[in-house]
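Biologist: Before we start, could you show me the thing we are going to talk about?
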Amino acid sequence: MADASMIIETRALCRSFGATRAVDSLDLSIFRGEIFGLVGPDGAGKTTVLRMLAAILNPTAGHATVAGFDTVKKSEAIKAHLGYMSQQFSLYGDLSVLENMNFFADIFGIKRQARAGRIDRLLDFSRMRKFSARRAAQLSGGMQKKLGLACTLIHEPEILLLDEPTTGVDPVSRREFWDILTELHITGTTIVVSTPYMDEAERCSRVGLMYQGRLMVCDAPSRIRMMVDGELLAFRPENLQRAAALLNGQPGVLEIQTYGDLLHIFVDAAARRGPEIIERLAQAGLSCAGPWPAQPRMEEAFISLIGKQAGK
Ligand SMILES: Nc1ncnc2c1ncn2[C@@H]1O[C@H](COP(=O)(O)OP(=O)(O)O)[C@@H](O)[C@H]1O
Ligand SMILES: [Mg+2]
């Protein structure tokens, strides 16, 4: 391994399930202290990557090292360095918040002297103190995730692998969960988190976009946003589908994405193409509000990158 600041490294990592290539030749380098986002649609391979990094699933080809240990040859050594919260992370519903934390402290062999202080800090850190006596089954979805995180942190791992920790959680709890992650990040914990939410991807130091088992792009959010070609204009035509069909292939139109009741159109030159597009729609009898200049976000960039890949 070349770089000591690299804490996770995969080389040509593959995992197949029968004929399905869940993960295909993944080369990933994650640096100590990063908050790294693994993003991609359902079935992209995110969970399979995280399970291999957590050393609970063997690759079918290639290899990975985590904290300097090979995930196959040294899988037991890795576990002390790692907290892994699976997509279906399960708490004990009949146990209280405090009892769940004690249970995980038992599993990780946390000694009595260290335990009380640590649980105390985690109760504050996860904003769960008020609920310490409540049974886990009676917590809201968002609170269950926070408790899951607290239990995952009980052995103070230097690396945290979180598989869609906020999926299905309400927006306020999602934000709070991310505030907690940001605090962990500041203390130096390396975090790898998968998410289907683009606003969360924006909060990562770097993001890897997975699609059909492959890593399509891996960079800082600000750089990914700049990867799309052309300038972005937003329009609100009276008939979205008809307008999109009419404009497909129009000179200077690079790409069309629908966005709620808006059309997001990438063009080669906004000043010139904006009026041309309005004109084209008017000829077909379609009225249209706009154009408004828009800043491509990661969402647009990802749709564009996936679209190009799918079109190949
Ligand atoms: N245990 C398994 N057996 C068979 N196929 C699997 C298994 N785990 C994952 N897959 C397949 O691998 C692909 C990637 O799945 P997964 O890693 O769960 O993606 P994601 O987490 O991005 O939704 C999917 O096509 C999925 O159906
Ligand atoms: Mg998954």
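Modeller: Here is a short chat about the terms used for this structure.

Modeller: This is a predicted model, where local features need pLDDT of at least 70 and side-chain atom pairs count only at pLDDT 80 or more, while totals for chains, interfaces and linings use all residues. Residues are numbered from 1 along each chain as its sequence is written, with chains lettered from A and ligands numbered from 1 in the order in which they are written.

Biologist: OK, how many helices and strands are in the chain?
Modeller: The chain has 11 helices and 14 strands. Both are DSSP runs numbered from the N terminus: helices are H or I with at least four residues, strands are E with at least two.

Biologist: Why is strand β3 called largely enclosed by the rest of the structure?
Modeller: A residue is buried if 20 or more other C-beta atoms lie within 10 Å of its own, exposed if 12 or fewer, and partly exposed in between, with C-beta atoms placed from the backbone. In β3 (residues 35-39), 5 of the 5 residues are buried, so the strand is largely enclosed. For the chain, 37% of the 312 residues count as buried.

Biologist: Which residues point one way from β3, and which the other way?
Modeller: I35, G37 and V39 point one way, F36 and L38 the other, and all are buried. In a regular strand the side chains alternate between the two faces of the sheet.

Biologist: What makes β3 and β8 a pair?
Modeller: Two strands pair if DSSP finds at least two bridges between them. There are 5 bridges from β3 to β8 (residues 190-195), so they pair, and they run parallel. L38 stands opposite S194 in β8.

Biologist: What is the make-up, by class, of the shell around ligand 1?
Modeller: The shell has 3 nonpolar, 6 polar and 2 charged residues. Ala, Val, Leu, Ile, Met, Phe, Trp, Tyr, Cys and Pro count as nonpolar, Asp, Glu, Lys and Arg as charged, and the others, Gly among them, as polar. The largest share of the shell, 3 residues, comes from α1.

Biologist: Where are the bounds of domain 1 and domain 2?
Modeller: Domain 1 covers 6-222 and domain 2 covers 231-295; such bounds come from an automatic or database domain assignment. The C-alpha centres of domain 1 and domain 2 are 41 Å apart.
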